[in-house]
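Please read them with the sequence and the structure at hand.

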Amino acid sequence: MNRPTWWRNAAADDDTNAPAIGRSPENRRQALIKLLWIGIWMAYLGAPVSDLAEGHHTVPATVFGALGLLVFVTIYLLLVFRYTGRNLDQTAINRPLGAICALAAVLTVTLGDAWLVLAVYVSVAFGAVLPPRLARWAIPLNTVAMVGAGLLVRSSHDLMSALVVPSLLGGFAMSAVGQMVRTTRALREARATVAQLAANEERLRLARDLHDLLGHSLSLITLKSELAGRMLPGKPEQAAQQVADIERVGRQALVDVREAVSGFRRPTLEAELAGARTALAAAGIVADLHRAGAHHPDLPPDQEGALAWALREAVTNVVRHSGARRCTVALTEVGDELCLTVTDDGRGATGPHGNGLTGLAERLQLADGRLETGPNDHGGFTLRALAPLSRSADLAVEPAPEP
């Protein structure tokens, strides 16, 4: 079965072993890969580890340094692994950020210049978890604090110079990565929202089409079934003709439903006028269609489809609900619009709009048209559906009568 492109892309994202940008790891393998990518940069902690291993400090100082380094690395990995690019409550990250700042400062001052590299990791953590407006101040300030600590512990100027650029560059690069992650996550959410809206719109389209199609066809089948029942047993030939019509209408309804489900259903005024004539005649309603010319070459297809749906829904309501003896259908040009008017002399509206008229108003709105309904001067009901014409159109349609 062929899948749409967006479905295949989404499936490819789900099947990959590496977590996609802007998405949290979904399994242990993806989490391990992400942790390894972050852990690669821990190689620059070789200076503090060598300082401890070479025995430059007393045993208590070495134990203190090892524990401090372990806590620093744990907090750093937690921040970068879990919170990069997330919109966080500032109070949730202030404590871990403050902890690694304090550890970096204390370890550098007490154990020497080999520990200045911890400030670079502090800048990276700032870039990873702070919003850009805060990170652009925090990273330079941390770099200045690193230089101050270097002067305090009498480090070489070459070492401080070598760490200034990584501190600034690493911090701002990580800030850019965090912004990219936030943007990617927002795009993913937007794509999911668009997909949901498209699915909702497709469901609404299908509901409108099925209501309009089946309401009209089933009403006609019901009328013809009643006629066939009244003709039996006295008029079997005429009853057989009604049964044949029922079969034809049923087959056409099946074709229409299949087209609607496939998204290809677009009725025409000509076909709907013919169907209206048949339905009204079957219901014993006099049909006045002489002002309903079906050929309008400059009427856009979408607008013609909306008017055709309006005609079908209006005639279905006349047949099913109005109790009318006469129904008039007219197509007139009103300014830059084509107006379909369906008028009956029945009992008029007895309540609020149902699903059919509600869906019809939505359909016309999608075609830049509008729906107007209300009682007429003879006590019946009038439906007016208007759809825009092409401005270059010069339609040979009878102008609207003067009010």
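1. Throughout this note, buried means under 20% relative accessible area, exposed over 50%, and partly exposed in between, with a 1.4 Å probe and protein chains only. This is a predicted model, in which local features need pLDDT of at least 70 and side-chain atom pairs count only at pLDDT 80 or more, while totals for chains, interfaces and linings use all residues. Residues are numbered from 1 along each chain as its sequence is written, and side-chain values use heavy atoms, with hydrogens and water left out.

2. A search of the whole structure gives five salt bridges, a salt bridge being a side-chain nitrogen of Lys or Arg within 4 Å of a carboxyl oxygen of Asp or Glu. In one of them Glu372 pairs with Arg384, with the closest N and O atoms 2.4 Å apart. Glu372 lies in strand β4 (residues 370-375) and Arg384 in strand β5 (residues 381-388), so the pair ties together parts twelve residues apart in sequence; strands (E, at least two residues) and helices (H or I, at least four) are DSSP runs, numbered from the N terminus. Glu372 is partly exposed at 30% relative accessible area, and Arg384 is partly exposed at 26%. Salt bridges that share partners join Glu337, Arg370, Glu372 and Arg384 into one network.

3. Glu272 forms a salt bridge with Arg312, the closest N and O atoms lying 3.1 Å apart. This pair links distant parts of the chain, with Glu272 in helix α10 (residues 269-282) and Arg312 in helix α11 (residues 301-322), 40 residues apart. Both Glu272 and Arg312 are buried.
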